[in-house]
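Please read the following briefing alongside the sequence and the model.

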Amino acid sequence: MHLDVRVPVGLMLATMGALLIGYGVLGDQAIYARSLGINVNALWGSVLVGVAAVLLLLSRRG
Amino acid sequence: MSLTWLDWLLMLVYFAFVLGVGVVLKRSTTTSAAFFQAGRAIPAWVCGLAFISANLGAQEIIGMAASGAKYGISTSHFYWVGAIPAMVFLGVFMMPFYYGSRARSVPEYLRLRFDEKTRGFNAISFALMTVFSSGISMYAMAKLLQILHIFDAPFAALGLGPHYIFHVCVVASALVVLVYVLLGGLSSAIYNEVLQFFLIVAGFMPLVYLGLRDAGGWSGITRAVPPPLTHAWRGFASASTSPMGVDAFGVAMGLGFVLSFGYWCTDFLVVQRAMAADSMAAARRTPLIAAVPKMLFPFLVIMPGLIALSVQGGVVPIKMYEGTSTMVLDALGKPQLDYDLTIPTLLLRYFPTGMLGLGLTALLASFMSGMAGNVTAFNTVWTYDIYQAYLRPQASDAHYLRIGRLATVFGIAASVLTAYVAAQFNNIMDVLQLVFAFVNAPLLATFLLGMFWRRATGHGAFTGLVAGTAAAALHHGLTLPVGAAAGVKGGWIATLAPYPSEMAQNFWTAIAAWTVCFVVTIAVSLVTAPRDDHELVGLVYALTEKPPDALLPWYKRPAVVGVAVLAATAALNLVFF
């Protein structure tokens, strides 16, 4: 009960986002043919990290 | 398409976080109030997201996309007609009685308002129903992951045949939910439902984006599919032209009123989330906050169905007989489509490794949130409304906490067992679900009369419930959807009237049950002795002080938020009219 749920959600999304960005930047680019040529790992990974940052900031401000 | 280390790692991250939340909450879960009611200390927005997430099981995600491919945007009736108005009613009118009375559960409210037998009837049927429905959704989920064939390679590498995928899916997901609910009780379930909510949105939003892009946007979809599929209300003037076989009145009355209010306003699975809120005002805001994402979910879960119809002349796979390559044909000899595979097919089509792991994790998360919802509702009703009420009334708090944990283990074990029974005997499960539908259909009348008519009596409520259940069974036994064989689908007494679709039959069964329960409850109440008014304070509308909404800022007043939510829903209906 003494847990701000924004912290675990933020940390989880940040971890997942970072993994996706890492793979999207360093990994094989040929796999994005199926996602209409969009590097969806790097793109969506960045969105997740952004959302995570907002959640974590909000939790620090109380 | 096969999974890589990255997909597995993403799944692992998810498991680590849900279990971690349980571990962190273990320290504060030392009383039965903490375990069953989350100490009534959760902020409104957290309860609101949990409220919506507990309802968002994997079956809903798979089923709504399937229905989207079959009926098109009309499927949104299940949201814009069949959910939002009921959620607003719960928040504005009914929550004060659930939260304000001393009730710890929905059946307990029935005991305070009516009597012991009405509570017992509701508690026992609800407890059985949650266990069975969680087992059935577990079965559906495991079956789907097996059919997808993405786990075949890793299992083969371990020397295990494809049927082990079913066992591992059932056991692994059951164990994870078991551990985090045992550790942190309802708070753990609620916090994880919020986590799962974010994950579900994160997993499916890019799918809709890529799909829409591929289909040429909404205008591409409207060009590719027949017009009735992109209009929510076209053809609903009469049952014969409606894609669902129900006219607008049947939709509004059957789905919009009886079924939807019956579920959202009386089902403890969702109401429990609102009852965990930290104040009366927060409890009332819970379903209103939940209504905002709920209103937008059609874009996440129904749109994939339309996308699957639109790209490349349609990518919904043809239905095959299990384990063979023989196509299932309909009555006209045309191959049938396997609509349940809509979402999985799109996931495999658009997501590369990485996003695929996230999408599958989202599917797992939706499944677990639904299961944890069932389990936490079950352990509370079992402990408070069955064990404490009938088996051991005067035990210590620590004893009930222990019983609650045991009930969690038992509830999950029974669900797993149900999943295996479902795999063996599909028909038994269909019959059971039907029986529960009969029991549930009249409940709404009981609650409405209980909360808004002080003259309603316990004998009236109980007789009404039994009569309403009988009426549902009778109506089902005497009607049959066109093209169905008599039996589980109806007509097991005689077929007096055919319905154009199964959905039409469901809606009208519910309407019949509600009406009979409503009339019988009133009739019996009028000839039985009423309770004194002072006993009903806090339980009945006319005898309860209205919550001081005027002291809240306008954006926190339930009535104001409720009207705004309804207006937005009406606007969505007009846009897609």
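**A bent helix, and its surroundings**

In helix 6 of chain B, a kink of about 65 degrees lies at B:M94, shortly before the proline B:P96; the bend at a residue is the angle between axes fitted to the seven residues ending there and the seven starting there. Helices here (H or I, at least four residues) and strands (E, at least two) are DSSP runs, numbered from the N terminus. This is a predicted model, in which local features need pLDDT of at least 70 and side-chain atom pairs count only at pLDDT 80 or more, while totals for chains, interfaces and linings use all residues. Residues are numbered from 1 along each chain as its sequence is written, and chains are lettered from A and ligands numbered from 1 in the order in which they are written.

- Helix 6 (residues 84-100) of chain B has 17 residues and should span 24 Å at 1.5 Å a residue, which agrees with the 23 Å between its end C-alpha atoms; the expected span is 1.5 Å times one less than the number of residues.
- Of the 17 residues of helix 6 of chain B, 15 are buried, so that the helix is mostly covered; a residue is buried if 20 or more other C-beta atoms lie within 10 Å of its own, exposed if 12 or fewer, and partly exposed in between, with C-beta atoms placed from the backbone.
- Helix 14 of chain B carries a kink of about 30 degrees at B:T286, shortly before the proline B:P287.

**Domains of chain B**

- Chain B is divided into domain 1 (5-424) and domain 2 (435-545), with bounds that come from an automatic or database domain assignment.
- The C-alpha centres of domain 1 and domain 2 of chain B lie 25 Å apart.
- Across the boundary, 30 residues of domain 1 of chain B are in contact with 27 residues of domain 2 of chain B, where contact requires that the C-beta atoms of two residues, placed from the backbone, lie within 7 Å.
- On the side of domain 1 of chain B that touches domain 2 of chain B, two or more residues come from each of helix 6, helix 7, helix 8 (116-148) and helix 12 (248-266) of chain B, and helix 12 gives the most, with 10 residues.
- That side of domain 1 of chain B has 17 nonpolar, 10 polar and three charged residues, where Ala, Val, Leu, Ile, Met, Phe, Trp, Tyr, Cys and Pro count as nonpolar, Asp, Glu, Lys and Arg as charged, and the others, Gly among them, as polar.

**The largest nonpolar core**

- The largest nonpolar core has 219 residues, of which B:C47, B:V177, B:I190, B:V194, B:L195, B:A513 and B:W514 touch the most other members; such a core is a set of buried Ala, Val, Leu, Ile, Met, Phe, Trp, Tyr and Cys residues joined through C-beta atoms within 7 Å.
- Helix 10 of chain B gives the most to this core, with 27 residues, and at least three residues come from each of domain 1 and domain 2 of chain B.
- Leaving aside neighbours within four places in sequence, B:V177 is in contact with B:M368, B:M371, B:A372, B:V375 and B:I412.

**The interface with chain A**

- Between the chains, 32 residues of chain B are in contact with 23 residues of chain A.
- Helix 1 (5-26), helix 10 (163-215), helix 16 (342-350) and helix 17 (355-391) of chain B each supply at least two residues of the side that touches chain A, and the largest share, 10 residues, comes from helix 10 of chain B.
- By class, this side of chain B has 23 nonpolar, six polar and three charged residues.

- B:E108, in helix 7 (residues 106-113) of chain B, is buried, because 23 other C-beta atoms lie within 10 Å.
- Not counting residues up to four places away in sequence, B:E108 touches B:A103, B:R119, B:Y384 and B:D385; the C-alpha atoms of B:E108 and B:R119 are separated by 6.3 Å, although the two are 11 residues apart along the chain.
- B:A38 lies in the loop between helix 2 (32-37) and helix 3 (44-55) of chain B and has a positive phi of about 55 degrees although it is not a glycine; B:A38 counts as buried because it has 31 C-beta neighbours inside 10 Å.
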